[in-house]
Each structure stands twice: as structure tokens, then as C-alpha cells.
Amino acid sequence: MTDAAQPVVEISQGLASLVAGLYTKSGAVDYQLSREQFGGILDEIAAKYQPSGSTFDLRELYSSLRIEDLALARACAMGNEHAWEVFLTRFRVKLYDIAGYIAREASAARELADGIYGDLYGTTARDGQRVSKLASYTGRGSLEGWLRTVMAQEFVNKYRRQRKLVSLDGEEEDGTQFVAKNEAPPATVDPRLEAATGEALASLAPDDRFVLASYYLDRCTLADIARTLSVHESTISRKLDKLAKALRKQILNNLGQKGMSRRQSEEALDADVRDLQLNIRKHLTQKTEIATFPDKKGPASEGKD
């Protein structure tokens, strides 16, 4: 075990009674998930979200997890048949319902649901080990909400792939010649701005990147994004406004850390985003663990899970 992970394990030993209680509550024993495996899962989550957290921080983190959903998801990822029976009983119909709500067309919805089911079950292998998307679920939000976000992301990814393919095919049929154009060189932008912007985008949560990419890159409407994620349109509107302000503040802070004064930082932010030698799409669509949106509790609900 690496030195970086050691503090998490040591702190976890001081939380033995809490972990033991969570293990019992989770129902992990029904899925033949040992206490050691369960503790390892918690250590993994702690290393990700509280790598140097205090005992209090870890207690708060562990207590906030959807522990029953976590045990079920991880047992499924490990291939436990009883866990899969429970999962299918709880979510098979919901998967198709969610897919239908997102795709809005029967055949596309079934294709989406079947594809996600394969990813969840782990039909592919890497280094001789099954690869299940459920292994990335961390219990920070309900399993149903996580599944909804996973499906929404896959639907958008598939749309992007198809749109790119159709666009290229159409240009080839029209006889478009793919040749380099004589364009003026791009305007010079302080590399510190590009670095600060890249760092700010990389620090965003996966669901925040998804919303920004959908709205600014794919030109989806607020209603489209809200429908895809089964939340109210006003939720997306407020989220975009909050993200824009938070990003600006973070970029300014990053620029300050790179030696720019406040005035220089403000002036740098006036640069045209098109002049940045930075792959914005890559930063906003990078593959990471997918975060969870709150469960849908009605159009007017803004509460969290």
C-alpha cells in the first residue's frame, strides 16, 4: 500500500465500531461481501473524497453514504448472482422507463437500456477481470439517481458520435475537400490564462462538466438538459449561473497563484475564449466517475437525496 493511502487506513481503524455498524446495515453479508472487502470499499471512497480527513470528516463521509445501495452495486460488480437478482428486481423496469424518458423513442430507448445493462453487468474484460460500471458507484447519492445520470451521459455521448459521423459523411457526399485553409495566426494569449482555465475546468464535478458541455458545446436548451436529467428546468438555470460565477472566481484565484495581480487577472479574462489554445471540449467531456443528480421528486422539487 502506498504512503499516500496509509493515513486513510489508520484513521479507519479508529472508526471500527461505525464501520461494523454500517456493514450490518448494508446487508453486504447477504451478497457474500466480507467485512474486509466492505472496509476496503470505504477506504477507497475515503481516499478519493477525504484523503487526509480527520476522524470527524470520515465519520461524516461514511454516515452520508447510501450504504445499502453501495453494497448492492459493488456486489453486482463482483459478479454475485444474488445481488444481480436483487438489482434486476429493483431496477430492470426502471432502467427501461428512464431510457424511454431520455430517448423518447421505443427502439432507441431499448437500445440505450440494453447497452447500459451490458456495461453494468460487465460484459467486457480487462486483464482477465470483468469490467462493470457499477464498480465506480460510491454511494454519494442514490443508486437510482446515479443510473439516471449514467444513462443520460451515454445518450449524449452516442448522439455526439452519430452527429460527427453524419457530418463527415455528408461533407464527403457533397464533395467537400478536406484541405488546410490559409488562416491568420491565432491571437496571443497568456499561457497562464490557459493553464488557470484548464485547472478550473478539471476541478469540476462530472455532473457540472456534463451540464456545461451540453449547454455551451452541444447547444442544448435548458429544457433539453432538464428533461435528460429528470430535474426541473429552473434547477439547470440556477446551476449554470452558479457554475459561471464559481469558474470565474476559481480562474481568478488560479491566476493570482501564478503571479498575476487582480487587475492583470481581470484583463486576462477579457480574452476571447476562441483564442485559447485549450481543448475546452476535452476538459468538459473527459471520462471520469459520473456524479449523481438528486432523485426526481416532482417538477417543483429542489431538495437533495
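Arg-74 is buried, with a relative accessibility of 6%. The model in which this value was computed is a predicted one. The side chain of Arg-74 forms a salt bridge with Glu-44, and the closest N and O atoms are 2.9 Å apart. Glu-44 is partly exposed, at a relative accessible area of 40%.

In total, the count of salt bridges is 7.

| Pair | N to O distance |
|---|---|
| Arg-74 and Glu-44 | 2.9 Å |
| Glu-144 and Lys-94 | 3.2 Å |
| Lys-258 and Glu-199 | 2.9 Å |

A salt bridge joins the side chains of Glu-144 and Lys-94. Because Glu-144 lies in helix α8 (residues 143–173) and Lys-94 in helix α6 (residues 81–103), this pair ties together parts that are 50 residues apart in sequence. Glu-144 is partly exposed at 25% relative accessibility, and Lys-94 is partly exposed at 34%.

Lys-258 and Glu-199 also meet through their side chains in a salt bridge. Here Lys-258 sits in the loop between α12 (233–257) and α13 (262–268), while Glu-199 is in helix α9 (residues 191–202), 59 residues apart. Lys-258 has a relative accessible area of 29% and is partly exposed; Glu-199 is partly exposed at 39%.

How values were computed
Residues numbered from 1 in each chain as written. Predicted model: local features only at pLDDT ≥ 70, side-chain atom pairs only at ≥ 80, totals over all residues. Heavy atoms only, no water. Salt bridge = Lys/Arg side-chain N within 4 Å of Asp/Glu carboxyl O. Buried < 20%, exposed > 50% of the residue type's maximum accessible area, 1.4 Å probe, protein only. Helix = DSSP H or I, 4+ residues; strand = E, 2+ residues; numbered from the N terminus.
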